[in-house]
Each structure stands twice: as structure tokens, then as C-alpha cells.
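Open the model in your viewer and keep the selection tool at hand. This tour goes stop by stop.

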Amino acid sequence: MVQDLRERGIGDERVLAAMARVPRERFLPAEFAAEAYASSPLPIPAGQTISAPYIVAVMTAALELTGIERVLEVGTGSGYGAAILSRCAEQVVTIEYHPGLARSAARVLDRQGYHNLEVRLGDGARGAPDRAPFDAISMTAMASGGLPEPLVDQLAPGGRLVGPVGPGPRGGDGELLRLRSDGHLETLMPVRFVPLISEPS
Ligand code: SAM
């Protein structure tokens with residue numbers, strides 16, 4: 001998998017080392033464990049997906065982590081992305097909307113000894129104001145109305161927010177964006193993602 005990621009242009013050694021060390025099969029339902037290192041997204045419970053390794057690598061590399069950062073992940077899902085982030089940064093808060101996913105991710109992560117990481121249940125689009133500001137925020141579900149304002153507000157000076165934004169509320173096709181705290185916005189690549197569930201405020 002790591003060789004494939006290198007060949008596809010991932011050059012961040014911290015990310016590649018993390019991806020070499022985290023056993024992806026432990027984050028998947030047993031019936032998909034054999035496909036854990038395939039270059040595709042895979043189903044997890046609650047109708048959600050674990051992103052393809054390449055997307056995890058692109059998103060993590062785009063956060064430009066050096067090991068000292070406080071990171072927020074929106075969309076814990078299986079917990080795999082959180083495990084990668086926790087090996088690349090100092091502290092990770094990850095928020096999942098579905099209780100079953102939050103519970104199982106917390107259990108898997110705890111069993112593997114990821115202690116610089118907190119799994120929360122809730123609407124991640126609101127961020128974690130009590131733990132803000134964040135040096136890096138990874139949003140792993142597709143927002144239909146642009147990058148959520150609370151996440152932008154919770155970026156530390158110099159911080160980066162990476163996540164998919166698409167045209168419709170049902171997820172699907174969109175663009176992976178990176179916003180810097182100074183307002184500089186880049187489009188990284190076209191992507192497909194499950195939708196960010198948004199609660200009325
Ligand atoms: N990072 C995950 C992993 O490594 O398995 C993959 C995430 S999956 C592509 C997107 C996740 O975002 C799903 O688990 C979904 O339930 C979650 N999600 C969607 N809307 C959310 C919200 N408003 N707050 C928190 N989580 C949300």
C-alpha cells in the first residue's frame with residue numbers, strides 16, 4: 001500500500017510511516033478485512049465508508065503535520081483516519097455523529113493504545129469549541145454549503161482545514177478543499193464522499 005501511495009505522489013514521510021504502521025484491517029468489519037489494503041473505499045456500519053487509503057493519505061498530507069499539532073477530525077467513522085492523525089500530531093479530537101460508530105471506533109482505538117486521542121459523539125460541524133483552536137482540521141464528510149463556519153472559526157493562526165465540499169446535500173461528487181487561516185483557499189482534487197449530516201442550529 002505504501003509503495004502504491006508513493007507512486008501516486010504522496011511524499012510526506014510522516015504520513016507514509018503512519019500508514020505503514022496502522023493495521024487497517026482492525027478498523028473494518030470482518031467480512032472486508034481481506035480487502036483492507038485495496039485502493040478503494042469500503043463499507044462500515046451505519047451506511048458509512050472508510051475512505052480509500054490514497055484519500056486518507058492526501059488529506060493527512062495536506063494538513064502539513066509535523067508532530068506538535070492539536071488536530072480535530074470531523075467524521076470518526078471506523079477510527080482509521082484518527083489513528084493515522086494521532087501518529088502524525090500531538091493531540092487529536094475526533095467527532096462522530098453515529099453513536100454505534102463512535103463507540104466501536106473508541107473501543108478499537110483504545111485497544112490499540114491510542115491515548116493522545118479523544119472520540120466524541122455529536123455534530124462535528126460545530127467543532128469542539130472547548131478544545132479550540134486547532135492547528136489542523138480534517139473534515140471527512142462532504143459539506144454542501146461550503147466549509148462549515150464553526151470549523152473555520154476554530155482554526156488557530158496558521159491553521160489548515162481540509163475537507164470535501166459538494167453541490168448537493170446527499171454527498172457524491174465534489175472537490176477537496178484546503179483553507180488556511182489567512183483565508184487562502186485551494187482546490188486539491190475532485191472527490192466523492194458521504195454527506196456531512198447537518199443539524200439545524
Ligand atoms: N475518517 C473515517 C474513517 O477513517 O473511517 C471515514 C469517515 S466517513 C467517509 C465520514 C464519516 O463522517 C461517517 O462516519 C459519518 O457518520 C460521519 N459524519 C457525517 N456527518 C457528521 C457530522 N455532522 N458530525 C460528525 N460526523 C459526521
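**Stop 1: the cavity**

Keep in mind that this is a predicted model. The structure holds one cavity of 30 Å³ or more. The space inside this largest cavity comes to about 440 Å³. Select Val 74, Gly 75, Thr 76, Gly 77 and Thr 140 next. Of the 33 lining residues, these five are the closest to the centre of the cavity.

Now colour the lining by residue type.

**Stop 2: the elements around the cavity**

Which elements each supply at least two residues of the lining? Select them one by one:

- strand 2, residues 48–50
- helix 3, residues 53–62
- strand 3, residues 70–74
- helix 4, residues 80–88
- strand 4, residues 91–96

Helix 3 gives the largest share of the lining, with four residues.

**Stop 3: helix 3**

Is helix 3 largely enclosed by the rest of the structure, or open? It is largely enclosed, because nine of its ten residues are buried. Buried here means under 20% relative accessible area. To see them, select Pro 53, Tyr 54, Ile 55, Val 56, Ala 57, Val 58, Met 59, Thr 60 and Ala 62.

Then step just past the end of helix 3. Glu 64 sits there, and its phi is positive, at about 55°.

**Stop 4: the ligand**

The surroundings count 25 residues. Ser 78, Glu 96, Asp 123, Gly 124 and Ile 197 are the closest.

- From a ligand oxygen to a polar backbone atom of Gly 81: 2.9 Å.
- From a ligand oxygen to an N or O atom in the side chain of Glu 96: 2.6 Å.
- From a ligand nitrogen to a polar backbone atom of Gly 124: 2.7 Å.

How much of the accessible area of the ligand does the protein cover? On its own the ligand has 600 Å², and the protein covers 99% of that.

**Stop 5: Pro 129**

Finish in the loop between strand 5 (117–121) and strand 6 (134–139), where Pro 129 lies. Is Pro 129 buried or exposed? Pro 129 is exposed, with a relative accessible area of 59%. Along the chain, Pro 129 and Asp 153 are 24 residues apart. Their C-alpha atoms are separated by 9.2 Å.

Notes:
Residues numbered from 1 in each chain as written. Predicted model: local features only at pLDDT ≥ 70, side-chain atom pairs only at ≥ 80, totals over all residues. Heavy atoms only, no water. 1 Å grid on protein atoms, 1.4 Å probe; cavity = no way out; pocket = protein on both sides within 12 Å on 5 of 7 lines; lining within 4 Å. Points joined across faces, edges and corners; volume = space filled by probe spheres on them. Buried < 20%, exposed > 50% of the residue type's maximum accessible area, 1.4 Å probe, protein only. Near = heavy atom within 4 Å. Polar contact = N/O pair within 3.5 Å; in protein donor to acceptor, adjacent residues only side chain to side chain. Areas by Shrake-Rupley, 256 points an atom, 1.4 Å probe, with all protein chains shown as cover.
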